[in-house]
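Me: I am new to this structure and would like to learn how to read it. Could we go through it feature by feature?

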Amino acid sequence: MSKRLLILSYHYPPFNATASQRAASFSQYLPAHGWDVEVCTFDWEGVQSESTTIVHRIYPGKVESKARPHWTLRTPIISTLRVAWHYLNGTFDYQSSEQRKRMDAWLRKEDLSRFDLVLGIFSPHFHLSQAAEIHRKWGIPFVIDFRDMWDDRVLQTNPQLTKKELLLHALVKYKWRRWMRDAAGHTSVSAAMNDQLSVLFNQPGKVIFNGYQTAEHEVNGSQYPIFTISHAGTIVEWKQIDMLFEGIALFIANTASEVHLILAGVHVLIASHVDAALKKHNLINHPGLKVMPRIPRAEAIDIIRKSHVLFYPPAVGFEGVYSSRIFEFMASGNPIAVAPRGDRAVDELMAAYNNGDTFNSPAEVAAFITQQHHKFAAGIPTQTTNNMTGFTREAQAQALSDYLKSCLKA
């Protein structure tokens, strides 16, 4: 007999973010493993794809912009008071306060007795408190899926935090422990993250990787006619890109061939970080450079598939932090250059992948790209057969299903 699962997720298609795909894949593949799934999310603008999943879409109201925050967050004294008030009340996602209120109202009026389990996906924080409240009111077990931490710097070996940040982190940890006190379990996207959460909550969890969508990589087709090096996805400011950019610049300087360099997903919040690196390594005026803002997912996948070399900047020093784009890169079968070495999670993935490696110098990066260019010049495809089928979203959903069932039996 099927079990009924309610998924709480702020992010869900057509919201254009990788986080949306995690929730969508759970709702898509869990039914094959004995779950009747319903999703509670927001009615985001965009084209909604057809689905057999019951999705309760709540009008989101006004969403505060991180690029242009509310005036109360731009006024020094008022900003401090507002943040302090929110943190003391456990409202850590104050930019999405309106969305929380709207989802809280829907959950209060809905008869939730039909569900056997609730799965809340972090972030934002408010799904933790909502799941805990559902448990108190209805007695329904809940599991929280952590895509990241409240601040990924806590995954650093020696995070440099101010006294204010230490105080705020202590408040977050206190609230998280309180909300998770009666949780049936928790999942996360990496072993390092799971280790920290298991200590914090005093219970073991389960690693469920983001994985990749098989159907998105089934389309066969030719690569670009001009040798193309690409990255599709966000490059946040704390990712190390200098070694990769210097290696790419070395390769370009030593080849007479035309080379295209594509950076897709460079939105306004990180444009200065990427621009500075491009200027530093004399790539900003490269005639084959194309810097693009965030684009539709299908277009990003197309760039990944058609390129000849993909580069991936790791989060060295942040144990267990990686972008889910790494799985889409691997699904393409294309060569992947990662530098510098030292991100344990990504290094382990590259060790298992048959067409990529991690490097410790710009010269090594340039040599790897040169090797791929020789193949291209000889008419040999740089792509290989994808050997990472254990990381499909279907496979990860099955692992999640097994874990959720074990939580119900506990």
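Reply: What follows takes a few features in turn, with the general idea before the case.

Me: What should I know before starting?

Reply: This is a predicted model, in which local features need pLDDT of at least 70, side-chain atom pairs count only at pLDDT 80 or more, and totals for chains, interfaces and linings use all residues. Residues are numbered from 1 along each chain as its sequence is written, and side-chain values use heavy atoms, with hydrogens and water left out.

Me: Which residues of helix α11 are buried?

Reply: Two terms come first. Buried means under 20% relative accessible area, exposed means over 50%, and partly exposed is in between, with a 1.4 Å probe and protein chains only. Helices (H or I, at least four residues) and strands (E, at least two) are DSSP runs, numbered from the N terminus. In α11, residues 344-352, the buried ones are Ala345, Val346, Asp347, Leu349 and Met350.

Me: What do the buried residues of α11 pack against?

Reply: Contact means heavy atoms within 4.5 Å. The buried residues of α11 pack against β11 (309-312), α10 (325-332), β12 (336-338) and β13 (356-358).

Me: How many salt bridges are there?

Reply: A salt bridge is a side-chain nitrogen of Lys or Arg within 4 Å of a carboxyl oxygen of Asp or Glu. By this rule there are 15 salt bridges. One of them joins Arg297 and Glu328, with the closest N and O atoms 2.4 Å apart. Arg297 lies in helix α9 (residues 297-306) and Glu328 in helix α10, so the pair ties together parts that are 31 residues apart in sequence. Arg297 is buried, at 14% relative accessible area, and Glu328 is buried as well, at 0%.

Me: Where do Asp104 and Arg100 lie?

Reply: An α-helix has 3.6 residues a turn, so residues three or four places apart point the same way. Asp104 and Arg100 both lie in helix α3 (residues 97-109), 4 residues apart, about one turn of the helix. The two form a salt bridge, and their closest N and O atoms are 3.7 Å apart. In helix α9, Lys306 and Asp302 are also 4 residues apart, or about one helical turn. Their side chains meet in a salt bridge at 3.2 Å, N to O. Lys306 is partly exposed, with a relative accessible area of 24%, and Asp302 is partly exposed, with 27%.

Me: At what angle do the axes of α3 and α4 cross?

Reply: Axes are lines fitted to C-alpha atoms, for helices over the stretch in contact, and angles run from 0 to 180 degrees between N-to-C directions. Angles under 35 degrees count as roughly parallel, over 145 as roughly antiparallel, 65 to 115 as roughly perpendicular and the rest as oblique. The axes of α3 and helix α4 (residues 126-138) come within 11 Å and cross at roughly 20°. The two helices are therefore roughly parallel to each other.

Me: How do α5 and α6 pack?

Reply: Helix α5 (residues 163-179) and helix α6 (residues 191-201) pack at an angle of about 70°, and their axes are 10 Å apart. These helices are therefore roughly perpendicular to each other. Lys173, Trp176 and Arg177 in α5 meet Leu197, Leu200 and Phe201 in α6. Nonpolar residues are Ala, Val, Leu, Ile, Met, Phe, Trp, Tyr, Cys and Pro; Asp, Glu, Lys and Arg are charged, and the others, Gly among them, are polar. The contact of α5 with α6 has 4 nonpolar, no polar and 2 charged residues.

Me: Which peptide bonds are cis?

Reply: A cis peptide bond joins Pro13 and Pro14, with omega about 15°. Pro14 is in the loop between β1 (3-8) and α1 (18-29). The bond from Ser123 to Pro124 is cis too, with omega near 10°, and Pro124 lies in the loop between β4 (117-122) and α4.

Me: Where does Asn202 lie, and is Asn202 buried or exposed?

Reply: Asn202 lies in the loop between α6 and β7 (206-207). Asn202 is exposed, with a relative accessible area of 71%. Its phi is near 55°, a positive value in a residue other than glycine.
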